[in-house]
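The structure comes before the findings.

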Amino acid sequence: MPVDVPVEQPGEVSSPPSIRLWELYFLVVAVAIAAATLLVDGHSVTERAVAVGSVAAMAVLYLAAARPLILVDDHGNRSMLVSVAYLPLFAVAVAAVPLTTWLMFMIIPIFFMLVPLRRAVVLVLCANLIPVVLELRADPGGILIDLVIAAISTAAGLCIGVWITRMAEQSEQRAQLIAELEANRAEVARLSHEAGAAAERARLAGEIHDTLAQGFTSIITLLQAVDPSLRDERLALAVRTARENLAESRAMVAALAPSALTSASLPEAVRRSAARFTEEAGVPATVRITGAERDLPTRAEVVLLRAAQESLTNVRRHAGAREVAVLLAYSPDTVRLVVRDDGRGFDPGISGNFGLSGMRSRAADVDGTLTIRSDAATGTTVELEIPA
């Protein structure tokens, strides 16, 4: 019997091709049996009308109740009630015109589409017993052949129903497998993109180091060789310009390829930066890590580390602080970096002050939020929070 079942997720109400094929089959069987009932001899007009009316009621029950439940894949109590409702309609049709026993080819698939396998098996047995019971009341002598027919019909119905159920389960498993494959493909694409971006940053860092940085170093060396004391203002200006650009190129190399993160985790890299700050500035810097440490995307770790380094550099150059505290806080949804000093403070609203524009730009690249609070009484607090 060419019956297919829908493979829909709960909540979907669309009509896939499998449902349309099944409904075409349902319609053909219902119309054929109704037509045969009207044409068969040996039954009164009333009996034929009752049988055809039962067939029509089954069709209405399918459209009004069974079909919506099949589309949403509901196998609960409502589906069981609808399935049971087919049994009295089938019994009325068979009692009026025994030819309508062929309706089992229409209602048995409905059982397997509406209810779980075990309940469907019980309903199939009940449906096959109805013609036997009715024949037993009408002609006890022909009960043997009816039992044989009922047994064959039950076996065929169960085989078809089990096949339908297994096909539906395999379709659901394939759908889940496809969803997992798509998710894995997206993850592989993301990791490949990050790996490609990291490789490109490393390549650019090497190019800058081997060309611009080396060139500026050579310029400074040559100028100092010409006039070691740099009494000529033009030479002094050229040396200062070359040194500034050398510092910029080195900063670009550091931003593109953070070596601190290649040999250590983010918390360790922050601790090393704080320890280096203490050595260079002579100002104690404490580091506190809270929450469960975990690996972050490379971009996020670079932004956090650069923010810590830039903040400590600003403190060393401009704050005149006596103490610095660094906090790296991990939470389920975010990671927060806080650098606090007790220095002289500044006006955060001044554009370009202390390299803050670069920090804001990096924070925006990873959907982070940079907050700066500063005044002469309490010092400066730089807080960066990014999604984890």
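## Helices α9 and α10

At roughly what angle do the axes of helix α9 and α10 cross, and within what distance do they come? The axes of α9 (residues 266-281) and α10 cross at roughly 15° and come within 10 Å. Axes are lines fitted to C-alpha atoms over the stretch in contact, with angles from 0 to 180 degrees between N-to-C directions. Helices are DSSP runs of H or I of at least four residues, numbered from the N terminus. α9 and α10 are therefore roughly parallel (angles under 35 degrees; over 145 is roughly antiparallel). Their crossing is right-handed, meaning that the near helix is turned clockwise from the far one by less than a right angle, with anticlockwise for left-handed.

The model is predicted: local features need pLDDT of at least 70 and side-chain atom pairs pLDDT 80 or more, while totals for chains, interfaces and linings use all residues. Residues are numbered from 1 along each chain as its sequence is written, and side-chain values use heavy atoms, without hydrogens and water.

Ala, Val, Leu, Ile, Met, Phe, Trp, Tyr, Cys and Pro count as nonpolar, Asp, Glu, Lys and Arg as charged, and the others, Gly among them, as polar.

## Helices α10 and α11

Helix α10 (residues 298-319) also packs with helix α11 (residues 356-365), at about 165° and with axes 10 Å apart. The two are therefore roughly antiparallel, and their crossing is left-handed. Among the contact residues are Val303, Arg306 and Ala307 of α10 and Met359, Arg362 and Asp365 of α11. The contact divides into five nonpolar, two polar and five charged residues.

## The cavity

One cavity of 30 Å³ or more is found in the whole structure. A cavity is a set of points on a 1 Å grid, over the protein atoms alone, where a 1.4 Å probe fits but cannot get out; lining residues have an atom within 4 Å of a point. Grid points are joined across faces, edges and corners, and volume is the space filled by probe spheres set on them. The largest cavity holds about 30 Å³ and is lined by Val303, Ala307, Met359, Arg362 and Leu384.

Conventions:
Parallel < 35°, antiparallel > 145°, perpendicular 65-115°, else oblique. Contact = heavy atoms within 4.5 Å. 1 Å grid on protein atoms, 1.4 Å probe; cavity = no way out; pocket = protein on both sides within 12 Å on 5 of 7 lines; lining within 4 Å.
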